[in-house]
Amino acid sequence: MDDRTFRNAMGKFATGVTVVTTDFQGEVKGMTANAFMSVSLDPKLVVVSIGHKARMHDIVKQTGKFAINILTRDQEELSRLFAGQLKEERPVSFEWVDGHPILPDAMANILCNVHSTHVAGDHTLYFGEVTEILLKDEPGDPLLFFEGKYRSIGR
Ligand code: FAD
Ligand code: NAD
């Protein structure tokens with residue numbers, strides 16, 4: 001099977017979009033990820049799958065912690081930025097909570113310590129034990145990703 005067939009099939013699974021953030025030696029590092037899932041209530045675990053070619057892979061291995069920022073539909077540009085799809089770099093404002101840099105306008109921020117990892121092919125699954133959650137009262141609509149394109153509910 002070729003890669004395109006696999007990606008086309010996976011693209012049929014509509015997801016939200018997150019930016020994984022972490023503090024690496026005083027510098028904030030972010031990466032767009034949609035391979036994110038809730039895993040366990042007791043303990044509270046989530047998982048994000050990070051490709052071995054991504055710089056974020058080595059960085060989270062070293063920092064041992066990360067935050068998942070769930071994007072709103074107004075944050076498509078941030079998704080493109082943190083996927084390396086914008087021509088120019090641009091400054092991003094982060095807030096800090098418990099030593100985590102977070103995107104303040106996200107729908108939710110999920111702060112985690114790395115609980116365990118599992119190498120799976122060309123990605124590593126980073127399981128995160130959730131230490132804190134920040135939820136917006138009126139977050140608006142989520143940014144969605146379907147068939148390789150950004151969408152939003154009702155559009
Ligand atoms: P880099 O190439 O180092 O960084 C990515 C971009 O973020 C760069 O442009 C950089 O300038 C910018 N950036 C980083 N930190 C900052 C900062 N502090 N301020 C401003 N800009 C900053 N890959 C996966 O492994 N798993 C997934 O689940 C996944 N899902 C994706 C979902 C979508 C919708 C998209 C579009 C891409 C997804 N990717 C995923 C691909 C991944 O986002 C890219 O391959 C990414 O570029 C890899 O990042 P990197 O760690 O190598 O970061
Ligand atoms: P696409 O058609 O490549 O993506 C459709 C779906 O395929 C994604 O939602 C994901 O489930 C899967 N997928 C894509 N690349 C993958 C990879 N390297 N490993 C595992 N699953 C993958 O969409 P696109 O708009 O061309 O994506 C933009 C870029 O972001 C591409 O370079 C793509 O590889 C990357 N991306 C990576 C992942 C990932 O690593 N899990 C997920 C989404 C997008």
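This is a predicted model: local features need pLDDT of at least 70, side-chain atom pairs count only at pLDDT 80 or more; totals for chains, interfaces and linings use all residues.
Visitor: Why is Lys-12 called exposed?
Guide: Its relative accessibility is 52%, and exposed means over 50%, so Lys-12 counts as exposed.

Visitor: Why is Glu-147 called partly exposed?
Guide: Glu-147 has 37% relative accessibility. Buried requires under 20% and exposed over 50%, so Glu-147 falls in between.

Visitor: What makes the pair Glu-147 and Lys-12 a salt bridge?
Guide: The N to O distance between their side chains is 2.5 Å, and the cut-off is within 4 Å. Glu-147 sits in the loop between strand E11 (143–146) and strand E12 (149–152), while Lys-12 sits in the loop between helix H1 (3–10) and strand E1 (15–16), 135 residues apart.

Visitor: How do you know that Arg-73 and Asp-141 meet in a salt bridge?
Guide: Their side chains come to 3.5 Å, N to O; the limit is 4 Å, so the pair qualifies. Arg-73 is in the loop between strand E6 (65–70) and H3, and Asp-141 in the loop between strand E10 (123–135) and E11, so the pair ties together parts 68 residues apart in sequence.

Visitor: What makes the approach of Val-28 to ligand 1 a polar contact?
Guide: A polar backbone atom of Val-28 is 2.9 Å from a nitrogen atom of the ligand. The contact needs a pair of N or O atoms within 3.5 Å, so this one counts. For Ala-83, a polar backbone atom is 3.1 Å from an oxygen atom of ligand 1. Taken alone, ligand 1 exposes 990 Å², and the protein buries 78% of that.

Terms used:
Residues are numbered from 1 along each chain as its sequence is written. Chains are lettered from A and ligands numbered from 1 in the order in which they are written. Side-chain values use heavy atoms; hydrogens and water are left out. A polar contact is a pair of N or O atoms within 3.5 Å; within protein, one must be able to donate a hydrogen and the other to accept it, and residues adjacent in sequence count only if both atoms are side-chain atoms. Accessible areas come from the Shrake-Rupley method with a 1.4 Å probe; for residues, only the protein chains shown count as cover. Helices (H or I, at least four residues) and strands (E, at least two) are DSSP runs, numbered from the N terminus. Buried means under 20% relative accessible area, exposed over 50%, partly exposed in between (1.4 Å probe, protein chains only).
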